[in-house]
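Dear colleague,

Please find below the structure that I am handing over to you.

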Amino acid sequence: MSITSWPEAERPRERLIAHGASALSDSELLAIFLRVGVKGKSAVDLARDLLSEFGSLHALFAAPVNHLTSIHGMGTAKYVQLQAVLEMARRAMNEEMKAADALSNPRAVRDYLRITLSRLPHEVFVAVFLTAQNRVIQVEELFRGTLTQTSVYPREIVKRALAHNAASVILAHNHPSGEATPSQADRALTKTLAEALSVVDIRVLDHFIVAPGASLSFAEQGLWSA
């Protein structure tokens, strides 16, 4: 049965208008994006099939083009649209993060880092450079490694911080195949970088670890204090 034949109060679009996007399930939100289903399946049915196939929205967004387009009802155009939606969300979060004090609005920083780093299949190390008023100057990917290890050089981070005339830095890296739990190496690295940056009077405010479906803030967990 097509969605248009459903009672109006049960249709995803009407429910979104009446109650807001947060009231909808993952499959309902995805169905709105899909717009139409395939023969014998509504858009909601197709959305449920996709979530069953990939396991989560996160995995769906990260799916390679050949996997996604192999599913009946999904073509290259849908893949392109999905990536465009994700990139627009990332850019909107970037704008929100740059518009506010990073300490008074840590959610914006966390959300931006999660949407930027959580889908990557390889490990990267990122620095968020801030002004004295804790406004974001720039976000830079500084190092890229394998799934399990990234070589991070304090001298390069100090050089980039000085180039941006930053007063402080928020560090971040991802755990592509694990949990957002800091290792002893992560803790030691944070201390090493903070000591190197303190020589030029630049503070490390926080260190975020991002994993698929989760993130952790050193500051919030009491693992770091600026």
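In this account, a residue is called buried if its relative accessible area is under 20%, exposed if it is over 50%, and partly exposed in between (1.4 Å probe, protein chains only). Please note that this is a predicted model, in which local features need pLDDT of at least 70 and side-chain atom pairs count only at pLDDT 80 or more, while totals for chains, interfaces and linings use all residues. Residues are numbered from 1 along each chain as its sequence is written, and side-chain values use heavy atoms, with hydrogens and water left out.

I begin with the aromatic residues. Rings of Phe, Tyr and Trp (its six-membered ring) count as a pair if their centres lie within 6.5 Å; planes under 30 degrees apart are stacked, those over 60 edge-to-face, and the rest tilted. There are 2 aromatic pairs in the structure. In one, the ring centres of Phe 125 and Phe 143 are 6.2 Å apart and the planes stand at 55°, so this pair is tilted. Phe 125 belongs to strand β1 (residues 124-130) and Phe 143 to strand β2 (residues 136-144), 18 residues apart; helices (H or I, at least four residues) and strands (E, at least two) are DSSP runs, numbered from the N terminus. Both Phe 125 and Phe 143 are buried.

Phe 143 also pairs with Tyr 153: their centres are 5.8 Å apart and their planes at 65°, so the pair is edge-to-face. Tyr 153 sits in the loop between β2 and α8 (154-163), 10 residues from Phe 143. The relative accessible area of Phe 143 is 10%, whereas Tyr 153, at 49%, is partly exposed. Through these ring pairs, Phe 125, Phe 143 and Tyr 153 form a cluster.

I turn next to the nonpolar cores. Such a core is a set of buried Ala, Val, Leu, Ile, Met, Phe, Trp, Tyr and Cys residues joined through side-chain atoms within 4.5 Å. The largest has 23 residues, of which Leu 30, Leu 34, Leu 50, Phe 54 and Leu 68 touch the most other members. Two or more residues each come from α2 (26-34), α3 (43-54), α4 (57-62) and α6 (76-99), and α3 gives the largest share, 7 residues. Another core, of 18 residues, lies apart from this one and includes Leu 142, Ala 161, Ala 166 and Leu 171.

Lastly, Asp 201 is found in the loop between α9 (184-198) and β4 (203-211), and is exposed at 68% relative accessibility.

With kind regards
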